Amino acid sequence: MARRTYTTELGCIACEELGDFGAGKEGWLVDNPNLLCALDSHSLALANRSVILVLGWAGSDGHQVKVRPSDMSPIEAEYISALEWLVFDGIKVILAGTSCGFLLIYSLTGDLILKQLIHPGRILKIRVRGMKRDLSHESSFEEVSIVMPGVIARIEGSDIQNTLKRWSQSSNARYWDQKLNRRDTEDPENSYEKVAYQVWNVNKYGACADAAITGVMPPPLMELQSSQRYFCAVTIGEDTVISAFRLSEDKSRSLVGAILSKVVPATFSTIASFSKLIWRSEPSTSKKPDAKAQAFARASPLTCLKDHPRKGEKLTLSPSGTLAAITDSLGRILLLDTQALVVVRLWKGYRDANCLFMEMLVNRDTASSSSNYIDYEPAKSDYCLCLAIHAPRKGIVEIWQMRTGRRLRTIQCAKGSKLLQPSSRFESSMASPYVPLEAFLLNGDSGKISILNRTLS
């Protein structure tokens, strides 16, 4: 009887460039806390403080790019602290966060597209979420959120898409490379186009170790109706295992405030110009002012769960944002309903675990009974949401059906392996086929990358 295999090998990432990241030493992929990994459908990005390496495994295009950010502050000992992919309509870029609070966007050719200060401090996590418009969602929900200790920021998906579109159109011109190189050497911090964002202080219950914006939520009671949206944010940290906040958009809500925001800056600008004519102040230097952090918008606390000495460590959000898997320092995994803000499931005995949501094909028998089975493409309703739990101390990956389902399978994995998942893509077309949520297993010691099979047979 043939042995069942629950994974399918896709290729190998072994190459000489991995030597700069410690490859060749046992456990190099999981033992180095400064080593960051981000997966796309056919590419892997690795970062080790000051170097970003993009490579494809055997069977893909095999394209390799090495990026060394040259404008990080040596005085502050700045380094790369977060890494993620962003894919939109064929445009694929790399998002990197630094320990000084800067967001960097690089193209696959190593060009710096954007550098922008979000807030002073170390960027812990960059999350890309994209929900395609369908019958169950009246509008698409696309965003890039940035997590820092006690701070969370949000960039509207449409804003960052417009920035990438303008860059893509400009990059097709011959003069773009010369202009880009000149800007990069002259003033990399102030010459690039800035993207609008919102930032909130969620430090009421202590600095957070991880956080996520789960989606749009209704306004508080007795609040005046307006076009302003509210978001729900869930944070975890050392002082509290779970806390939640209502985030309001950073917009003026009154006519007086809108007038003051326009009139007051113009008045001071006029007074300053007039004073220069009278006092003949010295000519200004060519040095541009330092980048300033944006003011916080309002964040209202909703709930808080303290369970000393437990500390929240990692947070994983489901595609719809309605569920969150939270690991803590004592080997417990909590499944949180982010709408009701209650824990609906709990696992114990999973120290140093890593969780990812994925989808398994459960209605395969129904699809196979169809006369057009050969041409049948599984729809979203054919899949069920599951939670993949990687327990490195046990050397296994378990897949549990959500919310209260059974354990579907247990997969043995080698020591030094890492569970990865591509970030969601920004889709502009509703006609594109449904792509289920997949999980991949990367064996750092052998360099082999495999996908977890979605079928239950």
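Reader: Is W347 buried or exposed in this structure?
Author: This is a predicted model. The relative accessible area of W347 is 5%. Buried means under 20%, so W347 counts as buried.

Reader: Which residues does W347 touch, not counting residues up to four places away in sequence?
Author: W347 has its place in strand 21, residues 342-348. I333 is 14 residues apart from W347 along the chain, yet their C-alpha atoms are separated by 5.0 Å. With residues up to four places away in sequence not counted, W347 touches G331, R332, I333, L335, L387, I389, W400 and M402.

Reader: How many of the residues of strand 8 are buried?
Author: Strand 8 covers residues 102-107. F102, L104 and Y106 point one way, while L103, I105 and S107 point the other way, and all are buried. In a regular strand, side chains alternate between the two faces of the sheet. Strand 8 is largely enclosed by the rest of the structure, because the buried count is 6 of the 6 residues.

Reader: Which residue stands opposite I105 in strand 8?
Author: Strand 7, residues 91-98, pairs with strand 8 in the antiparallel sense over 5 bridges. The two form a hairpin with 3 residues between them, and G101 in the turn has a positive phi of about 90°. Across this pairing, the residue opposite I105 is L95.

Reader: Which residue in the turn between strand 8 and strand 9 has a positive phi?
Author: Strand 8 and strand 9 (residues 112-117) run antiparallel and are joined by 5 bridges. Y106 stands opposite L112 in strand 9. The two strands form a hairpin with 4 residues between them, and the turn residue with a positive phi, of about 90°, is G110.

Reader: Which strands stand at the edges of the open sheet of 4 strands, and why is one side of each left without a neighbour?
Author: The sheet has the order 14-15-16-17, with antiparallel pairing. Its twist averages 20° from one strand to the next. Each edge strand has a single partner strand, so one side is left without a neighbour in the sheet; these are strand 14 (208-217) and strand 17 (299-305).

Reader: Over how many bridges do strand 15 and strand 16 pair?
Author: Strands of a sheet pair through backbone hydrogen bonds, either parallel or antiparallel. Y230 stands opposite S248 in strand 16. Strand 15 and strand 16 pair in the antiparallel sense, and the number of bridges is 6.

Reader: Which strand gives the most to the lining of the largest cavity?
Author: A search of the whole structure finds 1 cavity of 30 Å³ or more, and about 60 Å³ of space lies in the largest cavity. Of the 13 lining residues, the closest to its centre are Y205, G206, C208, T235 and T240. The elements that give two or more residues to the lining are strand 15 (230-237) and strand 16 (242-248). With 3 residues, the strand that gives the most is strand 15.

Reader: How many residues of the lining of the largest cavity are charged?
Author: The lining includes 6 nonpolar residues and 5 polar ones. The charged residues of the lining number 2.

Reader: What percentage of the residues of the protein count as buried?
Author: The secondary structure comes to 5 helices and 28 strands. Among contacts between residues at least 6 apart in sequence, 59% join residues at least 24 apart. Of the 457 residues of the protein, the share that counts as buried is 46%.

Definitions and conventions. Residues are numbered from 1 along each chain as its sequence is written. This is a predicted model: local features need pLDDT of at least 70, side-chain atom pairs count only at pLDDT 80 or more; totals for chains, interfaces and linings use all residues. Side-chain values use heavy atoms; hydrogens and water are left out. On a 1 Å grid over the protein atoms alone, a cavity is a set of points where a 1.4 Å probe fits but cannot get out, and a pocket is an open set with protein on both sides within 12 Å along at least five of seven lines; lining residues have an atom within 4 Å of a point. Grid points are joined across faces, edges and corners, and a volume is the space filled by probe spheres set on the points. Ala, Val, Leu, Ile, Met, Phe, Trp, Tyr, Cys and Pro count as nonpolar, Asp, Glu, Lys and Arg as charged, and the others, Gly among them, as polar. Buried means under 20% relative accessible area, exposed over 50%, partly exposed in between (1.4 Å probe, protein chains only). Contact means heavy atoms within 4.5 Å. Two strands pair if DSSP finds at least two bridges between them. Axes are lines fitted to C-alpha atoms, for helices over the stretch in contact, and angles run from 0 to 180 degrees between N-to-C directions.
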